[in-house]
Amino acid sequence: MDNTDTTDPNSLYKSSIDGTNLLALTQTKMKSKASAVDNGSGAVFVSTDHKIRAITLGSTPVEKIISADAIWDNVAISKDGNRLAAITTDVDTAIYVYDFVTSKWAKFHLYNPTTEGAQQGGGVLYADAIEFDHTGEYIIYDSYNLIKSTSTDSISYWDIGVLKVWDNQQSKFGDGTIAKLFSNLPDSVSIGDPVFSKNSPNIIAFDYLQGDNTFAVLGLNIETLDLGIIASNNTIGYPSFSKLDDKIAFSTLDNTSKQVIATIILNTDKISSSKTSEIIVNGAQWPVYYATGTRILGFPPKANFSASYKSGKAPLSTTFLDQSTNEPTAWEWTFESGLPHTSTVQNPVVSYSADGTYAVTLKATNSFGSNSVVKSGYIVVSNVTGVDELKSDDTFSVYPNPSSGVMQLSLKEPLESDYNIQVYTNLGCLVLTIPKPKGEQSMQLDLSGFPNGLYLIRLSSKTKTYHSRIIKQ
């Protein structure tokens, strides 16, 4: 934590989790929040002279300058300590990443994904808060945006993005693709200072600001898009999850408007709280929880899947779509009465020739472990004819699927009102919105400019909503 007591020459302190046993680490003045490696051996920060410094976190701290170029504004270190991410004092719409293994820098340009098919849009001026995810492949960040207009007042706001900076499988820098946490924020609302939980890669916390005086710390499950209120606040909080994700520490102001650090106990969902916050350190800001000791970084997959057709008349052919999270590298499928009966392909095509109700099992694996899911009675095949014939639901269809980018969307019947087509990434980030007038039943969707992967297509009108998952490859 950073000391805000002007009578104390020390700047960076560490303490026990309850805010006691304070130990001064340095007198070097800090420009921004420190970032610690996962095993608690050290941290990095930018000092007020705009240099990047590293410091050990033991009882006898050792500090050194790791970038003497006086150009830096903020820095973060990956959980394994292999990479740095930094931003400069320039308004250069960029995040810089340094890989200690190859001793190379990469510059990633920041942009806003557009809703009209183009991959990049303007408006971003610079980033501020930055943090690596557990895998070291992604950086979550906030950025300041300015939308200029010749007819109305310019609009400025902060929002949050996720940037692909590294590829673990290929051991090289990532492709720089960006997904935004929210595509459209309400007027006068900004969000920033995002942080990942210590143990759940799908859970984040961030600051919320509406107008000039409404502050809160919010939590979000980026898989389910469930949003929760952790704590109301009276200033920017810079939240940090505890080692067990059972509480959050954040900056706040006491009743005399002095900077203090408070904690609040989280509910089991990790994105909300029903408790009252408690001040644990006076005269301090920018809390960072860390733990000592080495653990295996990364997470086993969470297996899940869907199918292009779950029911129909025999012979039924269906494509199974892997929807497992945490980047599985191997798949073991079992299809009751299917042909083939087993498969190790990520998205296999299976045929069913006999009527019945069948289970499907998927075991997804990566270097951190495996996870299985069994869906009983998932496939329903019927050989009946006439009025009792069982047909697959083709009210809303997308083809070809998988696709190289260009696909056709088709409605069996026209909708009675205008509707929207929205495309989401597998992380739940909205990347494309296309409005359509009522009565239009067929349209072309082009995802050629988007990265390969799994996407959710959502078609919604005033009265009806349809979903379809597609694979771009």
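1. Within strand 9, T88 is the bridge partner of W72. Strands here are DSSP runs of E of at least two residues, numbered from the N terminus, while helices are runs of H or I of at least four residues. Strand 8 (residues 72–77) and strand 9 (residues 83–88) run antiparallel and are joined by five bridges; two strands count as paired if DSSP finds at least two bridges between them.

2. The model is predicted: local features need pLDDT of at least 70, side-chain atom pairs count only at pLDDT 80 or more, and totals for chains, interfaces and linings use all residues. Residues are numbered from 1 along each chain as its sequence is written, and side-chain values use heavy atoms, with hydrogens and water left out.

3. The hairpin of strand 8 and strand 9 has five residues between the strands, and G81 takes a positive phi near 80° in this hairpin. Strand 8 is mostly covered, with six of its six residues buried. Buried denotes under 20% relative accessible area, exposed over 50%, and partly exposed the range in between, with a 1.4 Å probe and protein chains only.

4. An open sheet of three strands shows antiparallel pairing in the order 27-29-32. Its edge strands, each pairing on one side only, are strand 27 (305–307) and strand 32 (349–352). On average, neighbouring strands of this sheet are turned by 30° against each other, direction ignored; the axes are lines fitted to C-alpha atoms, and angles run from 0 to 180 degrees between N-to-C directions.

5. Three bridges pair strand 27 with strand 29 (residues 316–322) in the antiparallel sense. F320 in strand 29 is the bridge partner of A307.

6. The protein has 41 strands and zero helices. Its radius of gyration, taken over C-alpha atoms, is 25 Å, close to the 23 Å given by the globule rule for 473 residues, so the protein is as compact as a globular protein of that length. That rule is 2.2 Å times the number of residues to the power 0.38. Along the principal axes, the C-alpha atoms fill a box of roughly 85 × 55 × 45 Å. Of the 473 residues, 49% are buried.

7. Confidence deserves a separate remark. The mean pLDDT of the protein is 88, and 95% of its residues reach 70 or more; pLDDT is the predictor's confidence in each residue, from 0 to 100. Over residues 384–393, pLDDT stays under 50, and the model has 14 contacts beyond four places in sequence for this stretch, a contact being heavy atoms within 4.5 Å.
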